[in-house]
Amino acid sequence: MELVTSAYGYVAEFFNHPLFAIFGGIGSVLVILGFAYKVISIFFGVMPIAIRLGYGLWKRKIAVISDADRYSKLAHSLKSSNLFAEKNIQHVPVNTLESLSNANLFLVDWETAGHIVEEIFQRRTSDQVPIVIVAKPSSIPHDVMNSIANRPNTVVVNFLGRLLNDVLTSLMTTSYDTK
């Protein structure tokens, strides 16, 4: 027992050397600074995205260009997520495209509005207004698909399950200039 106590005393005396106190203090300061750096980096990395997402969901208007039946299906897909306010989703019938001027995102149903897609592209105020086209797989002709693919901020969605993701991404990545 005495041997264990004396060995403990030697070990304790060795680690009580001032050199260990200096390195321990320096190490503690470095750990605290590293933790503070990580917290600040996460804050400034995540907060701009969260602010853009919040603004995109709160103020941005979505114009659904389709007939009444398809509008109810597309609007239900957006509203059922509880991310979009009902007042921010508006129906724009195919024959009344004049009301597109106050929308921040155009959601186009290819089945009912595919024949006027060029007019819809001309109606957007800038390339910062995204257009999300909902179409069944292979329903868009190849030459039209090439034309759509060469336009900025344009997405073709083949599945309603991806619709919400593409709308959110489009709202987050486009400009927030006030009109």
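**Figure 1. Helix 7 of the predicted model, residues 160-173.** Helix 7 comprises 14 residues and reaches 20 Å from its first C-alpha to its last, close to the 20 Å expected at 1.5 Å a residue. Its buried residues are Leu163, Asp166, Val167, Leu168, Ser170 and Leu171.

**Figure 2. The largest nonpolar core.** This core holds 20 residues, of which Ile65, Phe106, Val108, Ile120 and Ile133 touch the most other members. Two or more residues are given to the core by each of strand 1 (62-65), strand 3 (105-109), helix 4 (110-113), helix 5 (117-123) and strand 4 (131-134). Helix 5 supplies the largest share, three residues. A second, separate core of 18 residues includes Leu74, Ala75, Leu168 and Leu171.

**Figure 3. Surroundings of Ile133.** When residues up to four places away in sequence are not counted, Ile133 touches Val108, Trp110, Val117, Phe121, Ile140, Ile148, Thr154, Val155, Val156 and Val157.

**Figure 4. Arg151 over the face of Phe121.** Arg151 lies at 4.1 Å from the centre of the Phe121 ring. Phe121 is also among the residues touched by Ile133.

**Figure 5. The aromatic pair Phe43 and Phe44.** With ring centres required to lie within 6.5 Å, the count comes to one aromatic pair. The ring centres of Phe43 and Phe44 are 5.3 Å apart and their planes stand at 75 degrees, so the pair is edge-to-face; the cut-off for that class is over 60 degrees. Phe43 counts as partly exposed, at 45% relative accessibility, whereas Phe44 is exposed, with a relative accessible area of 58%.

Conventions
Residues numbered from 1 in each chain as written. Predicted model: local features only at pLDDT ≥ 70, side-chain atom pairs only at ≥ 80, totals over all residues. Heavy atoms only, no water. Phe/Tyr/Trp six-rings, centres within 6.5 Å; stacked < 30°, edge-to-face > 60°. Buried < 20%, exposed > 50% of the residue type's maximum accessible area, 1.4 Å probe, protein only. Lys NZ or Arg CZ within 6 Å of the ring centre and 35° of its normal. Helix = DSSP H or I, 4+ residues; strand = E, 2+ residues; numbered from the N terminus. Expected span 1.5 Å × (residues − 1). Core = buried A, V, L, I, M, F, W, Y, C linked by side-chain atoms within 4.5 Å. Contact = heavy atoms within 4.5 Å.
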